[in-house]
Amino acid sequence: MSAQRLKAPAGAWIDRSRRVTFTFNGVRLTGFQGDTLAAALLANDVRLVGRSFKLHRPRGIYSCGIEEPTGLVDVGRGARRTANVRATLIPIHENLVAQSVNCWPSVGWDLAALIGGFAALLPAGFYYKTFKWPSWHLFEPTIRRMAGLGRGSGQSDPDRYEEVAAETDVLIVGGGVAGLSAAVAAAQAGAKTTLLASGAIPGGALGWRGDVEATELLEKARRLGVRLHSRTMAFGIYDHNLVCACETIMPDGSDAASGGVLRERLWKIRARAVIAATGAFERPMVFPDNDRPGVMLAGAAEKYAHAFGVACGQRVVIAANSDSAYAVAKSLRDVGVNVLAVVDRRPPAMIRADSCDGVRAIAGAAIGSVSGTRAVRGCTVIPLGGKPERLQCDLILSAGGHAPTVHLHSQAGGKLRWLDESAMFVPDGPAPGMASVGACAGVFSRGAAADHAAEVGNALARGLAPPPAPIGGASDERVRGTMGRGVSGAGRSLPGTHVPGTPGKQFVDLQNDVTLDDVALAARENYRSVEHLKRYTTTGMGTDQGKTSNINALVAMGECTEREPAQVGTTRFRPPFSPVTLGLIAGRRVGALYRPRKHLPAHAWHEAHGAWFEDFGDWRRPAAYPLAGESLEAAAQRETAIVRKTAGLFDGSPLGKLEVFGPDAARFLDLMYVGTMSTLAVGQARYGLLLNENGTVMDDGIVARLGEQHYWLNTSSAGVDRTAASFEEWLQCEYVDFKVAVTPVTSRWANVTVAGPRAWDWLAAAGFDPALAPDSMKHMTLRESALDGVPLRVLRASFSGELGYEVNLPADHASALLERLWAYADRYGAALYGVEALQVMRVEKGYIHIGTDTDGTTLPGDIGFARAMDRKAAEFVGRRSLLRPAATDPDRLQLVGLTPADGKTLLPVGAQIAASPPPALTEGHVTSSYLSPELGRPVALAMLTRGSQRTGERVRVHHLGTTIEADVVKPPFIDPAGKRVHG
Amino acid sequence: MMQLNCPWCGPRDENEFACGGSSHIARPGLAASDQVWGEYLFFRDNPKGVHRERWRHVQGCGQWFNVARHTVTHEVLSVYAVTDAPPKLG
């Protein structure tokens, strides 16, 4: 027994009256309410928690917080199983289930640990160098299976996440004494103040001390109306002071009600000024086998003792490079833990004489070896130039100095400088829009930190420049005269925590198994920039993102390349500060809300009439109305035949609809369309193409004139938003003097289309105004009409090639009109038809569909509109581009019809047209293809080079190894004279 | 995510807006040479520094306006009307 629970009063955060039972690797263990999983495991003397990423070495708990590199576990059951969770962050609760990661069959007997025996063969870059012949892709699947740590649930997340936007004057990140001091000062200066604390209990790194001052500050902040958010971790600062933070509502591993709970909340807070008070991380000591279970950070052991009442060992050696080691030694001694010695890497001259206070200090010494594989049993101390000494111990603590948490400062664009005496990077002045206070600014002395933080809070609340942090000693111009040397309280540390030349596996990055040798190898192979070092060795990657390894890695690289740490620099800090779940980022944008579907106003009516719905863009539309046992294709064939024979009823409501008003409406539309719209008489309609400035066909549709200054525009369903936006841009940014208003009205007007030889008979029977009859209302005209007081805009147009009436009416009357018409359907043997039948009919007629038959290279001349352009001399959008040599190249792809030579084989859409099978230079491709029920054979549209000149030619169509011969024809395939549309 | 000050709606998050690229690009007439037309279509400055660009408040008032923005710091130096001449900055 080495790690064990201490007697009260140690354990400020636990409630000893409430026992909690949980399961770790199948074993039932108990802890107390308030324990983290890590604390409870240590209290049960569980030293071996997991296996390492690459070498499968045994690992234990290393820290007491967010920086944990090794204590990773999978927690939770079923769909709530969460992988690679840091045991230091999980509160235990009754029935919590946790498992070790990266080991099989068990953490104690791990087969892959054999890899560790070949560790010498697995240096940095091993995979890059070894698995490259003949191709990495050959090895990738196996290596990917071996890689990674925990296992996810494999099920979809049952829980919910939400997002809140907020704004504030001053935002403080960090709930320690510095953060609270800044918050109180900012609020006192009248600023709207918000404070985010990542822990459950404000008070910061030393919160467990039950600090009176922190408690008073907290009370004061509450009274002043500071908005306090606990369990809320700021993970990134983005442009213009937007801070994103994750509030944990239900921690990982929590049992939760079925049906899901609110798990996390994303805060997006826009702040006028941001104050980072994020503290510092302890820097580990680097020595041989410094990854053994039982080696951990000194500050963590102290926190486990006082906050959780857990002694992480009974006989303690502290490896030191900092004055803080002695404070920890005394603190542990106070709760009855035996501290054998402080092995101080620093020469005696750097050690403050008053710090030792009865603790045995071995100055100028380092740990030369560690015994014990699954738990520390002892170590050898090597005094520089002295005789090695063996110590029997069960816990080795690392007190290598501190690394200020400068992440937010760096993310915000702030610069860093190397503070040599304390061997740390500190902010070099404030970052734009933000300032750092407390330990993250390099100010470790409590009084100085509180005073400085209050000054900064006050200054930023008033919009003044923040005062500089009291650090850097007398040599620093900015603080000379006002503050003396050593005010920062960071103490003195050496850059290197290891002794160069010591043999053995000395870990720099515990999570990624990166050793000093790997850093040296990277240096030898000239991966000397920190960014290269990171990517080559993987140091600083993973869930901890190098929170404990960063400084040691760059110091080691500096030693290898004879550079100072400041010259080596750090990798760029990027958000997120700590891993963020995908659920948090997705928020409510999942499932049906991921991409909301648009429904027809008469959706329920179609559903009741047997519609087979499919997605067309954002719309759910009836693709067809299959009879019992009928396939979609067969239904479309049947519906097509009925429309061509008698009549069909179609819901065209998604058709894009715009109204354009104003004295300059006609002039404006002439500029937008290939066709001329100003010459339309009121009541007339005309087909038009819309281009972009490259001359590319972007959309098409019918334009009708409702009045002298009033047009009705149809666009494609998918193109209406794009077209409306484009019109707005032209009006607002180019034709700024035009008096024109554009109003999108797609959802306001439903479109009920009746098509077929009996279309008018059907409408007449249903009571439509006789003035709409084909003999008095011509093809391509629009009439305003009414039916039982409901206003109608009836357009005679046809995408099917048959006599067609498109009845536009207020959307909420769509179902009633469909019902009214459907009551007469039997009289004509009419049918409902869907999008599939419409596609068949428009291909039979050779009508293009923008985006199907055209692409981003299609110009109007390619689809038969050369003459339309020749007739229009005036300017329009894209016209100049059509005069370029490339636009008039005779070899361009042009729209043609294709029919299979055998009269049977359907030409696959996308199939390439070429003289010989691929690889060959393509001459074009099939764009639309259907079986024509009227002709009883397949028909297709294609884009073919010089297509307009090749009618009658036989071409070869290639598709997945087969070749189909086809004849080039001139569409349309049926009713070439276009008589049917006239009824 | 930047914050832009819409002249009509006030300060709003960037994701309410759409950027329309460089402003103050004169549109040549039909008589323009291929060279001039090609430059109008495809050639844009990509300054490391102040860029004058137009934005539309798509999820708000729908209006276009001009922004002078520093491409390194993302500092917004000026917001002005589409029809305004580019402001002289520092």
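Which helix of chain A is the place of A:Ala666? The answer is helix H18, residues 665-672 of chain A. Please keep in mind that this is a predicted model.

**Where chain A meets chain B**
- The contact between the two chains involves 18 residues of chain A and 18 residues of chain B.
- On the chain A side, helix H19 (residues 720-734) gives the most, with five residues.
- By residue type, the side of chain A that touches chain B holds ten charged, five nonpolar and three polar residues.

**Chain B on its own**
- Chain B contains six strands and one helix, and along the sequence they follow the pattern β-β-β-α-β-β-β.
- The C-alpha trace of chain B spans about 40 × 30 × 20 Å along its principal axes.
- Chain B has 90 residues, and 13% of them count as buried.
- If you take contacts in chain B between residues at least 6 apart in sequence, 44% of these join residues at least 24 apart.

**Nonpolar cores**
- The largest nonpolar core has 180 residues, and A:Ala182, A:Ile275, A:Ile318, A:Val343 and A:Leu397 are those with the most contacts inside it.
- Helix H5 of chain A (residues 177-188) supplies the largest share of this core, nine residues.
- Another core, of 107 residues, lies apart from the largest one and includes A:Phe650, A:Ala704, A:Leu731 and A:Ala830.
- For a look at the surroundings of A:Ile275, leave out residues up to four places away in sequence; among the residues that A:Ile275 then touches are A:Val170, A:Ala182, A:Met434, A:Val456 and A:Leu460.

**Back to A:Ala666**
- A:Ala666 counts as buried because 20 other C-beta atoms lie within 10 Å.
- Beyond its neighbours within four places in sequence, A:Ala666 is in contact with A:Met677 and A:Ser678.
- A:Val740 is 74 residues from A:Ala666 along the chain, yet their C-alpha atoms are separated by 9.2 Å.

**An open sheet and its helices**
- Three strands of chain A make an open sheet with mixed pairing, in the order S31-S33-S32.
- Strands S31 (598-599) and S32 (612-616) of chain A are at the edges and have a single partner strand each, so one side of each has no neighbour in the sheet.
- S32(A) and strand S33 (residues 619-624) of chain A run antiparallel and are joined by five bridges; in one bridge, A:Phe616 has A:Trp619 of S33(A) as its partner.
- Helix H17 (residues 632-645) of chain A packs on the sheet, where it touches S32 and S33 of chain A, and its direction makes about 75° with that of S33(A).
- Helix H23 (residues 835-844) of chain A also packs on the sheet and touches S32 and S33 of chain A, with a direction about 70° from that of S33(A).

**A covered hairpin**
- Strand S36 (residues 685-691) of chain A is mostly covered, with five of its seven residues buried.
- S36(A) runs antiparallel to strand S37 (residues 697-707) of chain A, and seven bridges join them.
- A:Leu691 stands opposite A:Val697 in S37(A).
- Five residues lie between the two strands of this hairpin, and in the turn A:Gly695 has a positive phi of about 85°.

**Helix H11 and what follows**
- Helix H11 (residues 516-524) of chain A has A:Leu516, A:Asp518, A:Val519 and A:Ala522 as its buried residues.
- These residues are on the same side of H11(A) because they cover an arc of only 165° around the axis.
- Their cover includes strands S29 (507-509) and S30 (514-515) and helices H12 (530-537) and H13 (550-561) of chain A.
- A:Asn526 lies in the loop between H11 and H12 of chain A; its phi is near 70°, a positive value in a residue other than glycine.
- A:Asn526 is exposed, because 10 other C-beta atoms lie within 10 Å.

- A:Glu562, in the loop between H13 and helix H14 (565-568) of chain A, has a positive phi near 55°.
- A:Glu562 counts as exposed, with 8 C-beta neighbours inside 10 Å.
- The peptide bond from A:Ala8 to A:Pro9 is cis, with omega near 15°, and A:Pro9 lies in the loop between strands S1 (4-5) and S2 (15-24) of chain A.
- A cis peptide bond also runs from A:Pro971 to A:Pro972, with omega near 0°; A:Pro972 lies in the segment after strand S50 (962-969) of chain A.

Note on methods:
Residues numbered from 1 in each chain as written. Chains lettered and ligands numbered in written order. Predicted model: local features only at pLDDT ≥ 70, side-chain atom pairs only at ≥ 80, totals over all residues. Contact = placed C-beta atoms within 7 Å. Helix = DSSP H or I, 4+ residues; strand = E, 2+ residues; numbered from the N terminus. Nonpolar A, V, L, I, M, F, W, Y, C, P; charged D, E, K, R; others polar. Buried ≥ 20, exposed ≤ 12 C-beta atoms within 10 Å, placed from the backbone. Core = buried A, V, L, I, M, F, W, Y, C linked by C-beta atoms within 7 Å. Pairing = 2+ DSSP bridges. Axes fitted to C-alpha atoms, helices over the stretch in contact; angles between N-to-C directions. Arc of directions from axis to C-beta.
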